[in-house]
Amino acid sequence: MDKIRVGVVGVGRMGSNHCRVFSALRHVELVGVYDLSYEVGDRVARQFEMHYFDDLEHLLSNIEAVSIAAPTPLHFELAIRCIERGVHVFIEKPITRTLEEASALVDVAERSDVIVQVGHIERFNPAYRELRNVIDSLDVLAIDIRRLSAFSRSNKDVDVMLDLMVHDADLAMDLTAEQPVYISAQGFSALSDQIDYANVQLRFDSGLLLTLTASRVTEEKVRQIEVTAREAYVIADLLNKSVAVHRRTIGEYVQRGVHGYRQESIVEKIYVPSFEPLYLELEHFTDCVIQHRPPLVSVRDGLRALQLTLQIRDALYSDHSKVDRAANRLLSHT
């Protein structure tokens, strides 16, 4: 099979990782990169033995597929230019900055003949995939998703909702296949002039309660999903790739006619394959391009995740005085 020619637009931390993965994929020829910074673009191009293009149109004329890892405000314009050139597009999350841009991008993408995939990487996390397999047969009552990080590794041009929580907004949509009927959100600023910590509760028509917590002021990195079901309690660690299922039993052990001890629950450790989610995600994108089939995470999925994230932001900012008071209390103790 011939290799598909791929380029990367925007080679900061995430874009550089895209280059690393694309350079290792069997059916990919990594042609070059485009970045507004010559110094950054040239350095990454040399590292992966490819070309640095100082003109986007020149890059697009030499490739069949592109990964857009530029800052969010540039996503819409870049994606439209690529689609209009007939170049297949992988676009990092969030899909765009605004719902209007996302909706327009969906219209253009769905009327085109190109593959467009949005980079909600946790859908490709092996631990998340195993979690989904486990809970498919359970009566789920509540879900708690936590995404905590240190400030130093954050994307500081947006708040914590668009930086981190947008990942879990996508997972919420994927896990529930519902739109929430009630949203309650609280948060505070701590190390920036934007919201750095947010806690959100979503209620669905089915009665399911889903809680999202996103922080970029927490020194320990946490990526965890906890599912409470009638039959079991399931914990998935997306960072360390583990899934544990706690099930109730009624085991009573007797020795010589005397009750010894009572086993009230058992824990199942689910096998989770050790694969890098980014590798699986970009491999899936290139496979979709080669086979010309729809991706797992479509532009419409990206739109839905952004829509929920912005609804959460609206709920939080609608009582901004509460946010400011919380921030002041925090800062007064530091």
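User: Which residues in H6 meet which residues in H7?
Analyst: Tyr-128, Arg-132 and Ile-135 in H6 meet Leu-171, Asp-174 and Leu-175 in H7. Contact here means heavy atoms within 4.5 Å. By class, this contact has four nonpolar, no polar and two charged residues. Ala, Val, Leu, Ile, Met, Phe, Trp, Tyr, Cys and Pro count as nonpolar, Asp, Glu, Lys and Arg as charged, and the others, Gly among them, as polar.

User: What kind of model is this, and how are residues numbered?
Analyst: This is a predicted model, in which local features need pLDDT of at least 70 and side-chain atom pairs count only at pLDDT 80 or more, while totals for chains, interfaces and linings use all residues. Residues are numbered from 1 along each chain as its sequence is written, and side-chain values use heavy atoms, with hydrogens and water left out.

User: At what angle do the axes of H6 and H7 cross?
Analyst: The axes of H6 (residues 126–135) and H7 (residues 160–176) cross at roughly 30° and come within 12 Å. Axes are lines fitted to C-alpha atoms, for helices over the stretch in contact, and angles run from 0 to 180 degrees between N-to-C directions. H6 and H7 are therefore roughly parallel to each other, a term for angles under 35 degrees. Helices (H or I, at least four residues) and strands (E, at least two) are DSSP runs, numbered from the N terminus.

User: And how far apart are the axes of H4 and H5?
Analyst: The axes of H4 (residues 75–84) and H5 are 10 Å apart, and these helices pack at an angle of about 10°. H4 and H5 are therefore roughly parallel to each other. Phe-76, Ala-79, Ile-80 and Ile-83 in H4 meet Glu-101, Ala-104, Leu-105, Val-108 and Ala-109 in H5. By class, that contact has eight nonpolar, no polar and one charged residues.

User: Changing topic: which residues does the cis peptide bond join?
Analyst: A cis peptide bond joins Lys-93 and Pro-94, with omega about -15°. Pro-94 lies in the loop between strand S5 (88–92) and helix H5 (99–111).

User: What about Ala-177: is it buried or exposed?
Analyst: Ala-177 counts as exposed, at 70% relative accessibility. Buried means under 20% relative accessible area, exposed over 50%, and partly exposed in between (1.4 Å probe, protein chains only). Ala-177 has a positive phi of about 55° although it is not a glycine, and its place is in the loop between H7 and strand S8 (182–188).

User: Where is His-292 found?
Analyst: His-292 is found in the loop between helix H8 (277–291) and helix H9 (299–317). His-292 has a positive phi of about 50° although it is not a glycine, and it is partly exposed, with a relative accessible area of 41%.

Conventions
Angles under 35 degrees count as roughly parallel, over 145 as roughly antiparallel, 65 to 115 as roughly perpendicular and the rest as oblique.
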